[in-house]
Every structure is written in C-alpha cells, then in structure tokens.
Amino acid sequence: TADYIVTQSSGNHAQAIALGCKLLGKKAIVVMPEDSPGVKVSAVRDTYGAEVRLCKPTQEAREAMSAEVVQELRSKYGEDKAEEIHPNQDIRVVNGQGSVGIELLEQQPDLDAIVVSIGGGGLIGGVATYVKSVNPKIKIIGAEPERAKSAYMSKKAGKLVKNPPNTAINTIADSVKSSLGPTTYPLVKDYVDDVFTATEEEIEDATKFTMERAKQVIEPGCGLAVAVATSKQLYERYPELRNVGVVLCGGNIDLENLPWMRNKRPAESAESSSQGRDRK
C-alpha cells in the first residue's frame with residue numbers, strides 16, 4: 001500500500017525497484033554510493049525515473065541514509081506511505097532471486113555445482129535454498145572479491161563476520177561490496193558448500209574473457225563468479241566436478257570506462273606522446 005518505495009543499491013535491484021515503481025505508479029527513491037559508475041546512476045534515474053540520493057561509499061552510510069529517507073517520508077505523508085525494500089535482507093527479495101535456481105535447473109538439470117557471486121547474499125541465498133531442496137547433491141559455491149569477503153570469513157569463523165565497518169571498499173566488482181546480514185548469513189551457513197575469493201586481476205581477466213569468448217556483456221561483479229568457476233583452486237578441492245553452472249548476475253558496465261582500458265590508457269598516452277615527439 002506504500003506510495004513511496006525506498007531502497008539502497010547500485011545495480012540490478014535499484015533498476016528493478018525503479019522500473020517496478022514506474023509501472024505501478026509509485027515513487028522510487030534509491031540510495032546509491034557516490035562512487036557508483038555513471039552508467040548505473042543514469043539507468044536508475046534517467047531510464048527508469050527513480051529519484052537518486054548519493055551517500056558515502058560505505059554500507060553503514062547506505063543503511064543510515066535509507067532509514068533517514070523512510071522516516072522523512074513517513075513523517076511527511078504517513079506511516080503507511082513509505083516502505084524500504086532492502087536489496088538482500090528482505091526475504092521477499094531473496095525468495096524472488098531463488099527463481100534463478102529454478103530457471104537454471106530447468107535449462108541444465110545435470111549440474112554438479114553452481115557458482116554465484118556474493119555481496120549481501122540475497123542471490124546465492126535464494127538460489128541455494130531452492131537448489132538444495134530439489135537436489136542436495138549439487139554443490140553451491142560462492143565467489144567473493146579478496147577485498148570484500150564477508151561470506152568467506154563467516155564460513156571460516158562459523159558466525160556472521162562483516163567487512164570492516166565505515167570503510168570504503170576498493171574493488172572493480174562494485175556490485176558485491178556488501179556484507180552478509182541476519183537474513184542471508186543462516187542461508188549461506190546452511191546451504192552454501194564453500195566460498196572462494198578472487199583477486200582484482202583474476203576478476204578483470206574473467207570479465208574480459210567472457211565478453212570476448214562468450215559474447216556476453218557482463219560486469220566485474222559477474223566476472224567474479226566466472227573467475228572462481230575457472231580457477232585451479234576449485235577443481236583441486238573438488239576434482240569430481242564436471243558440469244558447473246555460473247550465474248551471470250549482471251551487465252551494468254560502463255563501456256566507456258572498462259577496467260582493462262583504465263589500466264592501459266596511461267601507457268598508451270605516454271606512447272602516443274613519445275611518437276609525437278619522435279615525429280617532430
């Protein structure tokens with residue numbers, strides 16, 4: 001019944017909420033980190049018509065601003081007029097994301113394992129809950145950046161461990177910077193068999209490889225899962241794996257600012273300058 005829907009996200013969830021509200025005639029307010037790629041902000045605001053509010057690039061800042069916006073709207077319009085739909089701790093969202101597991105097994109029922117990138121854990125939580133309910137033998141493997149590994153640390157510790165608080169996480173996989181939370185940690189603990197991490201270079205290489213060979217436009221947060229699915233470590237630990245599915249979880253990438261081009265441009269610029277001097 002709420003007329004105003006608030007969420008915090010920089011990717012698929014933000015765009016889904018924005019589009020859903022547009023179709024339903026509701027107002028979407030999306031809190032996004034100030035370092036979000038411009039292509040993501042543009043999609044949410046310009047394509048789907050949501051209001052975007054930028055915050056500091058930490059999970060705590062996102063949570064705080066979302067709560068403030070909800071309170072502001074409720075104070076102005078009434079308690080029942082504003083609602084937050086959290087990108088990964090709202091069980092409705094987790095259940096919806098579980099439909100990815102349904103579709104994957106409908107297309108490829110004989111999988112030995114499924115690799116899913118992890119940020120807040122909603123996607124892998126939903127996929128794992130469904131897949132384990134229909135075929136417990138399929139291994140669910142999580143993938144995290146080495147620089148943001150809440151799920152990896154939580155599995156090792158046997159309790160919820162979050163990424164360092166009030167800290168901006170610097171990774172090209174910007175869609176998976178979040179930590180697990182109270183809704184998703186139990187799902188990861190019970191249904192995810194293992195979590196592997198990948199370096200920035202491995203994520204970048206896997207993203208580029210997928211775009212070149214599979215002709216799929218993916219973002220680094222998705223390339224992360226490809227990096228783990230093609231890693232030597234995965235098959236050393238689980239040599240029995242043959243048919244491995246990978247959830248390609250997003251294509252929100254700025255084609256004008258690709259990670260490998262960012263690393264290449266300074267050298268190219270220097271080379272061009274040198275050539276220009278030589279011609280003179």
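This note sets out numbered points on the sheet, helices, salt bridges, pocket and selected residues of the structure.

1. Basis of the note. The model is predicted, so local features need pLDDT of at least 70 and side-chain atom pairs count only at pLDDT 80 or more, while totals for chains, interfaces and linings use all residues. Residues are numbered from 1 along each chain as its sequence is written, and side-chain values use heavy atoms, with hydrogens and water left out.

2. The open sheet. In the order β3-β2-β1-β4, 4 strands form an open sheet with parallel pairing. Strands here are DSSP runs of E with at least two residues, helices are runs of H or I with at least four residues, and both are numbered from the N terminus. Two strands pair if DSSP finds at least two bridges between them. The edge strands are β3 (51-55) and β4, each of which pairs on one side only. On average, neighbouring strands of this sheet are turned by 20 degrees against each other, direction ignored. Axes are lines fitted to C-alpha atoms, for helices over the stretch in contact, and angles run from 0 to 180 degrees between N-to-C directions.

3. Pairing of β1 and β2. Strand β2 (residues 27-33) runs parallel to β1 and is joined to β1 by 5 bridges. Within this pairing, which residue of β2 is the bridge partner of Thr 7? The partner is Val 30.

4. Helices on the sheet. Helix α2 (residues 38-47) lies across β2 and β3 and runs at about 170 degrees to β2. Helix α3 also packs on the sheet, where α3 touches β1, β2, β3 and β4, and the direction of α3 makes about 170 degrees with that of β1. Contact means heavy atoms within 4.5 Å.

5. Val 41 is placed in helix α2 and is buried, with a relative accessible area of 11%. Not counting residues up to four places away in sequence, Val 41 touches Met 32, Ser 36, Asp 46 and Val 52. The C-alpha atoms of Val 41 and Leu 54 are 9.5 Å apart, and the two residues are 13 residues apart along the chain. Leu 23, found in helix α1, is exposed at 67% relative accessibility.

6. Strands β5 and β6. Strand β5 (residues 113-117) pairs with β6 in the parallel sense over 5 bridges. Ser 117 stands opposite Ala 143 in β6. Strand β6 (residues 139-145) is mostly covered, as 6 of its 7 residues are buried.

7. Salt bridges. Side chains of opposite charge can pair when their charged atoms come close. A salt bridge is a side-chain nitrogen of Lys or Arg within 4 Å of a carboxyl oxygen of Asp or Glu. The whole structure holds 15 salt bridges. One of them joins Asp 3 and Lys 81, with the closest N and O atoms 3.7 Å apart. This pair links distant parts of the chain, 78 residues apart: Asp 3 is in the segment before β1 (4-8), and Lys 81 is in the loop between α3 (59-77) and β4 (82-84). Asp 3 is partly exposed at 36% relative accessible area, and Lys 81 is partly exposed at 27%.

8. Further salt bridges. Glu 51 and Arg 53 meet through their side chains in a salt bridge of 2.8 Å, N to O. Glu 51 is partly exposed, with a relative accessible area of 28%, and Arg 53 is partly exposed at 23%. Glu 236 forms a salt bridge with Lys 232, the closest N and O atoms being 3.7 Å apart. Because Glu 236 and Lys 232 are 4 residues apart in helix α11 (residues 232-237), they are separated by about one helical turn. Both Glu 236 and Lys 232 are exposed.

9. The largest pocket. About 570 Å³ of space lies in the largest pocket. A pocket is an open set of points on a 1 Å grid over the protein atoms alone, where a 1.4 Å probe fits, with protein on both sides within 12 Å along at least five of seven lines; lining residues have an atom within 4 Å of a point. Grid points are joined across faces, edges and corners, and the volume is the space filled by probe spheres set on the points. The lining has 28 residues, of which Asn 12, His 13, Gln 97, Leu 123 and Ser 175 lie nearest the centre of the pocket. Helices α1 (12-24) and α6 (122-134) each supply at least two residues of this lining.

Methods. Buried < 20%, exposed > 50% of the residue type's maximum accessible area, 1.4 Å probe, protein only.
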